[in-house]
Amino acid sequence: MKLYVLYAGDIICRDISQLNDGFPDKGEIELANPVFLVQHPKGWLLWDAGLSDELVHRPEGVEAWIFHLKMKRTVLEQLHELGVAPDDIDYFAFSHVHNDHTGNARYFKSARLIMQEKEYDLAFHQEKKPHNFGDYEVLKQSEAIKLNGDFDLFGDGAIRFISTPGHTPGHQSLLLKLKETGYVLISGDISYYADNYQKKGVPVFNTNKEDSLASIEKVGKLVELYQAQLWIQHDKARFDTLKLSPEYYQ
Ligand SMILES: [Zn+2]
């Protein structure tokens, strides 16, 4: 099995106090925004869809609430570089449906969609649709695998979806078992960066604080149990140490 790390945007958070409810942290922080491509013998999985590729046409970036969003290269060109077409993706999964994770989702409509059922309902079924609904609306036609908890995709322990609600109602994380690298836990947005994780800072905009803290604890236990590397998706310090596609982990 191979794991590719794809660039999918740069984010500046203008006010980290918003990410750390209850802590007096001030100032801004640069965040990464990768997506992850897994090549398992039984198929390709893409985890998250990043910021929209269309942002490359706005080189100065855009402001969105406390976030500055920028895209320097597209996800599609990185897939193309690997010889992977959007239709080659067999499984597509969201950690959750915030707009920094849904930007290019529309390209992966032929994949089977893997989401926690609560997130699926939030994404597609609530009366007032999320503002980024257009990013993923076409996936409504996709065959969906709706989860209610943890799930081992192929039953071999290589790709496991871990239910980690709190940031959103059906937020999930990804636990991978790689032959040489060992276990890697890709956290989604249970935390935004290492210090945020260690201090158990909960963003003020999370949907449930208690669930958020329980999910941080759950991830911590799995990391310890499997001696896993914890890759907090938005943690730029971590991202800057990672090999980017076309290089890969195995
Ligand atoms: Zn995010």
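**Reading the sheet**

Analyst: Look for the open sheet that four strands form, in the order β3-β2-β7-β6, with antiparallel pairing. Strands here are DSSP runs of E, at least two residues long, and helices are runs of H or I of at least four, numbered from the N terminus. This is a predicted model, where local features need pLDDT of at least 70 and side-chain atom pairs 80 or more, while totals for chains, interfaces and linings use all residues. Residues are numbered from 1 along each chain as its sequence is written.

User: Which strands stand at the edges?
Analyst: β3 (29-32) and β6 (62-64); each has a single partner strand, so one side of each lacks a neighbour in the sheet. On average, neighbouring strands of this sheet are turned by 25 degrees against each other, direction ignored (axes are lines fitted to C-alpha atoms, and angles run from 0 to 180 degrees between N-to-C directions).

User: How do I read a strand pairing?
Analyst: Strands of a sheet pair through backbone hydrogen bonds, either parallel or antiparallel. Two strands count as paired if DSSP finds at least two bridges between them. Here, β2 (residues 10-13) runs antiparallel to β3, and four bridges join them. Ile11 stands opposite Leu31 in β3.

User: And how many helices and strands does the protein have?
Analyst: Seven helices and 15 strands.

User: What share of the residues count as buried?
Analyst: 45% of the 250 residues, where buried means 20 or more other C-beta atoms, placed from the backbone, within 10 Å of the residue's own. The C-alpha trace spans about 45 × 45 × 40 Å along its principal axes.

Key: Buried ≥ 20, exposed ≤ 12 C-beta atoms within 10 Å, placed from the backbone.
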